[in-house]
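Work through the two exercises below. Each task is followed by its solution in steps.

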Amino acid sequence: MDRMTEILCRIDDVLKCPRCDLSLSRTNVVIGSGPLDARIMLIGEAPGRNEDKQGKPFVGAAGKVLNLVLESAGIRRDDVYIANVVKCRPPENRVPKKDEIEACSVYLKKQLEVISPKVVVLLGKTAAESYLGRKVVMGEEHGKPFKHEDRTVVITYHPAAIIYNRKLKDALESDFKVIRKAALE
Ligand code: URA
C-alpha cells in the first residue's frame, strides 16, 4: 500500500469504500499516483476501463495523450501527482453524478491537503466545475492561471478530448507550457 492510500485509510477503508454506487461495479479503487511533494497536481474525471483494471490513473488511451503532452512541455510524469475527481470507474465511462462526486470529495480534499501543490491542473469540464463549484466555459478559460482559495489553478482540456478533436492538441500543449512556468515561479 502506498503512502497516500495509507493516509486515506485513516478516513476510512478507502480500498473497500462503499460511499456511493460506483463501488458496486468497480474492480479497483484508483487513488492516484506520484510523489507526495509534487509541485503540480493533475485532477482528471474518473478512472476508465484500463485504470479500473490496473488501479492506476491515466494508463489507457487518455494516459498516452497525457504522457505526450507532459513530455512536450518538459514535465516529467514522475514529478506530478495525478488523481481523479472520483476514484471508481462509472459504468460505461459515463460522467460521474453529483452525489458520487460529493461522496468521493473527502478523499480528493485530503489528497490536496497532503500534496499541497503549487499548481492544481483541472483536466476537463467535470474536474473544473466540481473543483470550482461553478460552470466553466473551456474555450474561454483554459490555460490561464488564477488564484482560487489560495492555490494557483489552471483549467485545461481533458486529454481524451484530443482523441476526438485533434485541433485541441495545440491548445493542450500550450496550456501545459503555461503550467510548467507557473510551477517554477
Ligand atoms: N480519464 C480520467 O479522467 N482519468 C483517468 O484516470 C483516465 C481517464
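A residue is near a molecule if its C-beta atom, placed from the backbone, lies within 6 Å of it. This is a predicted model, in which local features need pLDDT of at least 70, side-chain atom pairs count only at pLDDT 80 or more, and totals for chains, interfaces and linings use all residues. Residues are numbered from 1 along each chain as its sequence is written.

**Exercise 1.** List the residues around the ligand and sort them by class.

Step 1. Around the ligand lie Gly44, Glu45, Ala46, Pro47, Gly48, Glu51, Pro57, Phe58, Ala62, Asn84 and Ala160.

Step 2. Ala, Val, Leu, Ile, Met, Phe, Trp, Tyr, Cys and Pro count as nonpolar, Asp, Glu, Lys and Arg as charged, and the others, Gly among them, as polar. The shell then has 6 nonpolar, 3 polar and 2 charged residues.

**Exercise 2.** Describe how α4 passes α9 and classify the contact.

Step 1. The helices (DSSP runs of H or I, at least four residues, numbered from the N terminus) are α4, residues 61-73, and α9, residues 168-184. Their axes (lines fitted to C-alpha atoms over the stretch in contact, with angles from 0 to 180 degrees between N-to-C directions) come within 8 Å and cross at roughly 55 degrees.

Step 2. Therefore α4 is oblique to α9 (under 35 degrees is roughly parallel, over 145 roughly antiparallel, 65 to 115 roughly perpendicular, the rest oblique).

Step 3. By class, the contact of α4 with α9 has 6 nonpolar, 1 polar and 3 charged residues.

Note on methods. Helices (H or I, at least four residues) and strands (E, at least two) are DSSP runs, numbered from the N terminus. A crossing is left-handed if the near helix is turned anticlockwise from the far one by less than a right angle, and right-handed if clockwise.
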